[in-house]
Amino acid sequence: MPTTVKAYAATAPDRPLEPTTIERRDVGPRDVRIEIKFAGICHSDIHTARGEWGGVPYPLVVGHEIAGVVAEVGAEVTRFAVGDRVGVGCMVNSCGECEQCAKGLQQYCLKGNTQTYAGTDRDGTVTQGGYSQQVVVTEDFVLRIPDGLDLDVAAPLLCAGITTYSPLRHWGAGPGTKVAVVGMGGLGHMAVKIAHALGAEVTVLSQSLKKQEDGLRLGADHYFATSDPDTFTELAGRFDLIVNTVSAELDLNAYLSLLAVDGTMVNVGAPPQPLPIQVFSLIPARRSFAGSSIGSIAETQEMLDFCAEHGLGAEIEVIAADQVNEAWERVLASDVRYRFVIDTATLA
Ligand code: NAP
Ligand code: ZN
């Protein structure tokens, strides 16, 4: 018998989220049932629920920054036991057989990984995410949250943390490298913390100087306002790596001009509009423009362990479930410091 749990769901692109109930499947032999304690609010939840990225299987429960405690395990589960502190991020399955899965890069599964919400689960049902009391996930896609991290500040690491850790590592952020982070919201503030902990020289490029003090406290060495045209003259040719976390349209060419020779700008921000690039922003300095999607399961565990070792949690504002619509409006207004996290006890 499936278990009925409370949740908050989107029912249409232009309607507020509403309280509802959803069914969670019985625990299969390799499944873990997680009692969700905290669920982070990612801007992707909003893009998805509002239909900005395409069709939505309403009603839909979003949320892919899940932290909780194991409540039940299937008979063949070996890695988890009841009471363990665990997390789930943006994917809950992948084909397990393709070239990318064989390399352990489930996020780039050639058949498409199964997203934590709005995906098609192996039983054909639509996956429902973390703004709910429980989730049932195959153990291969469950992460261990190290003891040093509280569950509320750990939840955002499951998406914001790994989505910034992965490109920072892939493109070699570390001592001697100059890294810029564009946008200091949920992803951006974790990028600042992680790049600093990796030893890079970190610059924040934010719309204004409103959050400068926070940026410097979180580990940035420099902080500039992109509303000031002098920023682009002063920083021309400066950076080895730019991580763009902005959720909206941006003049990419202006930012590409800030890359040094052989520098790379990585977009993790995922606005729905096409972003035009002038090739002469790249050619004269052999610059690269790239994208990056979350991170693998192994890399997500590595990131959680790294964050615990360096004492890096997210900066959060904990909210009750019935404040979720208000929180979404604040995310859209870039008024988030720096991640909203739903206390799922308030769903009861
Ligand atoms: P967020 O908390 O809303 O942060 C985005 C930040 O971008 C804002 O805080 C703001 O920073 C800046 N910004 C917003 N609107 C802007 C505008 N019109 N012009 C310039 N800057 C603007 O969002 P998030 O949760 O970090 O997510 C950011 C993006 O990453 C979203 O598009 C999300 O879907 C995407 N994402 C991608 C992946 C992936 O795997 N690639 C994973 C997760 C999320 P300032 O106030 O500092 O300017
Ligand atoms: Zn996300």
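In the predicted model, the domain assignment divides the protein chain into domain 1, which comprises residues 3-159 together with 295-347, and domain 2, which spans residues 161-291. The centres of the two domains, taken over C-alpha atoms, are separated by 26 Å. For the protein chain as a whole, the secondary structure amounts to 10 helices and 17 strands. The radius of gyration of the chain is 20 Å, close to the 20 Å that the globule rule gives for 348 residues, so the chain is as compact as a globular protein of that length. Along the principal axes, the C-alpha atoms fill a box of roughly 65 × 40 × 35 Å.

The size of an interface is often expressed as the accessible area that is lost when the parts come together. Between domain 1 and domain 2 the buried area is about 2200 Å², and carbon and sulfur atoms account for 58% of that area. Within domain 1, the residues that lose the most area to domain 2 are Phe-306, Glu-315 and Tyr-338, which together contribute 27% of what that side buries. In terms of contacts, 23 residues of domain 1 meet 26 residues of domain 2.

Classified by residue type, the side of domain 1 that touches domain 2 holds 10 nonpolar, 7 polar and 6 charged residues. Across the interface of the two domains, 3 salt bridges are found. Glu-315, already noted among the residues of domain 1 that lose the most area to domain 2, forms a salt bridge with Lys-193, in which the closest N and O atoms are 2.6 Å apart.

Several features of the backbone are located in loops. Tyr-338, which also belongs to the group in domain 1 losing the most area to domain 2, is joined to Arg-337 by a cis peptide bond with omega of about -10°, and Tyr-338 lies in the loop between helix 10 (324-332) and strand 17 (339-343). The peptide bond from Tyr-58 to Pro-59 is likewise cis, with omega near -10°, and Pro-59 is placed in the loop between helix 1 and strand 4 (66-73). Ala-118, a residue other than glycine, has a positive phi near 65°, and its position is in the loop between strand 7 (114-115) and strand 8 (134-138).

Technical notes
Residues are numbered from 1 along each chain as its sequence is written. Chains are lettered from A and ligands numbered from 1 in the order in which they are written. This is a predicted model: local features need pLDDT of at least 70, side-chain atom pairs count only at pLDDT 80 or more; totals for chains, interfaces and linings use all residues. Side-chain values use heavy atoms; hydrogens and water are left out. Domain bounds come from an automatic or database domain assignment. Contact means heavy atoms within 4.5 Å. Buried area is the accessible area (1.4 Å probe) that two parts lose on being put together, summed over both. A salt bridge is a side-chain nitrogen of Lys or Arg within 4 Å of a carboxyl oxygen of Asp or Glu. Ala, Val, Leu, Ile, Met, Phe, Trp, Tyr, Cys and Pro count as nonpolar, Asp, Glu, Lys and Arg as charged, and the others, Gly among them, as polar. Helices (H or I, at least four residues) and strands (E, at least two) are DSSP runs, numbered from the N terminus. The radius of gyration is taken over C-alpha atoms; the globule rule is 2.2 Å times the number of residues to the power 0.38.
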